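Please read the points with the coordinates open.

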Amino acid sequence: MSAPTYSRLDLIRFFVACLAGFLGGHLTNYAVILFAQDVWGMDALAGAGFALCFGVPLLLGWPAGAWCDQHSPQRIAQIAHGAFALALLLLAAASRSAAFGVLLYLLGASCAGVGWALLAPARMALLGRLAGERQAKLAVLFNLLVMLGFGLAPLLLAVARNLGGWPAVHGCGLLLFGLSAGLLVGLRVPALGGDGHVLARVQQGFAYVRRTPLLAQALLAAVLVYLAMGPIQVMLPRFAQQSLQLAELSRGLFLGALALALLMGGALSLPLARRFGQGRCVLVAATLSGIALSLLGQTSSLGPALLCLGVNGIGAGIAVSLLVALLQHESQPALRGRLLSIYTVTSQVVPAAGGLGAGLLLEVLPAAQGLAWCGALLSGLFILAAWRLQWLRRYR
């Protein structure tokens with residue numbers, strides 16, 4: 001039986017659905033963080049909410065990859081859209097309840113975690129099935145949309161909140177997920193099937209990674225890159241408020257500037273990789289990103305802060321884009337869902353842990369000092385990785 005072929009229109013609506021979903025997902029994350037910080041004034045609760053957004057996949061993310069190999073990833077994606085919609089409804093209810101607000105808030109953050117656990121591997125498995133032989137190039141485009149959603153979400157939240165408060169923010173998220181779900185309707189991606197219990201299939205994915213050193217080292221590098229995401233998402237809004245003295249809309253524009261830097265990094269990734277080697281570019285870009293984060297914490301004016309934020313975003317954009325392209329291109333189709341579930345759990349659980357730590361750190365340190373310490377630690381880890389990860393360093 002020959003593999004199904006997909007038209008240009010199928011790819012276009014898949015990528016538009018991804019952009020809407022990424023924007024809605026990161027809008028939900030920022031809503032969780034900023035509601036706790038700005039309305040309740042509780043940084044630790046913001047860190048806990050962010051940890052739930054990306055911490056639930058620690059349990060659910062592993063079987064999600066096996067489900068995406070065994071069942072249609074399109075159906076898994078639609079279930080995830082429903083989980084995100086429920087998360088936004090619970091967050092809306094939390095803003096109206098004095099007695100149960102915190103409980104509803106934590107439940108909403110947990111539902112967002114369920115959505116991320118299912119949707120991230122489902123989208124990447126869909127990309128693998130739709131892209132065919134164009135895995136590397138389309139994986140970079142896919143990751144550009146990830147970063148665009150991540151970077152534009154705080155700006156969209158600020159605009160929506162200025163226009164209509166938190167109800168407008170929640171309504172905007174629901175519209176985005178409705179658009180994403182609607183665009184995937186009728187996109188027929190059959191299941192690959194497979195026998196065995198889900199836990200046995202998960203173990204097959206881990207065994208595949210263990211016997212492939214390049215993939216194992218790429219995943220370890222991804223852990224280090226994503227370790228920075230938690231502090232950035234939790235500390236950066238507070239840094240913009242405390243150190244830069246930015247108002248609501250200006251803060252959203254400052255955080256949204258990260259989108260441009262991430263996109264620039266993604267656009268530069270393939271040309272740089274062709275010239276200098278993919279693995280070397282990943283490690284050098286990640287190190288520069290960590291150094292820029294450390295320097296960002298030592299700035300107190302907008303110009304230098306934007307410069308540091310730009311270098312941080314470009315470095316992260318290059319590293320993540322090339323890592324995603326490597327994993328998509330080097331993975332076996334029958335095991336791609338399980339491999340990418342390990343990656344997506346990494347991209348969710350590691351920022352969750354970093355976000356929880358960042359929220360606790362903000363209780364005792366100003367945001368500027370917290371960013372400086374996190375950046376210095378990450379720079380040291382990236383330098384150590386550049387020395388030790390030989391398979392990745394040599395990869396072209």
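This is a predicted model: local features need pLDDT of at least 70, side-chain atom pairs count only at pLDDT 80 or more; totals for chains, interfaces and linings use all residues.

1. A search of the whole structure gives three cavities of 30 Å³ or more.

2. The largest cavity has a volume of about 530 Å³. Its lining is made up of 38 residues, and those nearest the centre are Val146, Tyr226, Met229, Val320 and Ser347. By class, this lining holds 26 nonpolar, eleven polar and one charged residues.

3. Which element gives the most to the lining of the largest cavity? Helix 12 does, with eight residues. Helix 12 spans residues 302-330, and Val320, one of the residues nearest the cavity centre, also takes part in the contact of helix 12 with helix 13.

4. The second largest cavity has a volume of about 50 Å³. The residues that line this cavity are Ala31, Val32, Phe35, Leu91, Ala94, Tyr105, Trp166 and His170. Two or more lining residues come from each of helix 1 (8-39), helix 4 (73-94) and helix 6 (135-184). Helix 1 contributes the most, with three residues. Seven of the lining residues are nonpolar, one is polar and none is charged.

5. Helix 12 and helix 13 (residues 336-362) have axes that come within 10 Å and cross at roughly 155°. Angles over 145 degrees count as roughly antiparallel, so helix 12 is roughly antiparallel to helix 13. The crossing of this pair is right-handed.

6. On the helix 12 side, Val320, Val324, Leu327 and Gln328 meet Arg336, Leu339, Leu340 and Tyr343 of helix 13. The residues of this contact comprise six nonpolar, one polar and one charged.

7. Helix 13 also meets helix 9 (residues 229-242): their axes come within 6 Å and cross at roughly 35°. This crossing, too, is right-handed. From helix 9, the contact involves Met229, Gly230, Pro231, Val234, Met235 and Arg238. From helix 13 it involves Pro351, Gly354, Gly355, Ala358, Gly359, Leu361 and Leu362. By class, the contact residues are eight nonpolar, four polar and one charged.

Notes
Residues are numbered from 1 along each chain as its sequence is written. Side-chain values use heavy atoms; hydrogens and water are left out. Axes are lines fitted to C-alpha atoms, for helices over the stretch in contact, and angles run from 0 to 180 degrees between N-to-C directions. Helices (H or I, at least four residues) and strands (E, at least two) are DSSP runs, numbered from the N terminus. Angles under 35 degrees count as roughly parallel, over 145 as roughly antiparallel, 65 to 115 as roughly perpendicular and the rest as oblique. A crossing is left-handed if the near helix is turned anticlockwise from the far one by less than a right angle, and right-handed if clockwise. Contact means heavy atoms within 4.5 Å. Ala, Val, Leu, Ile, Met, Phe, Trp, Tyr, Cys and Pro count as nonpolar, Asp, Glu, Lys and Arg as charged, and the others, Gly among them, as polar. On a 1 Å grid over the protein atoms alone, a cavity is a set of points where a 1.4 Å probe fits but cannot get out, and a pocket is an open set with protein on both sides within 12 Å along at least five of seven lines; lining residues have an atom within 4 Å of a point. Grid points are joined across faces, edges and corners, and a volume is the space filled by probe spheres set on the points.
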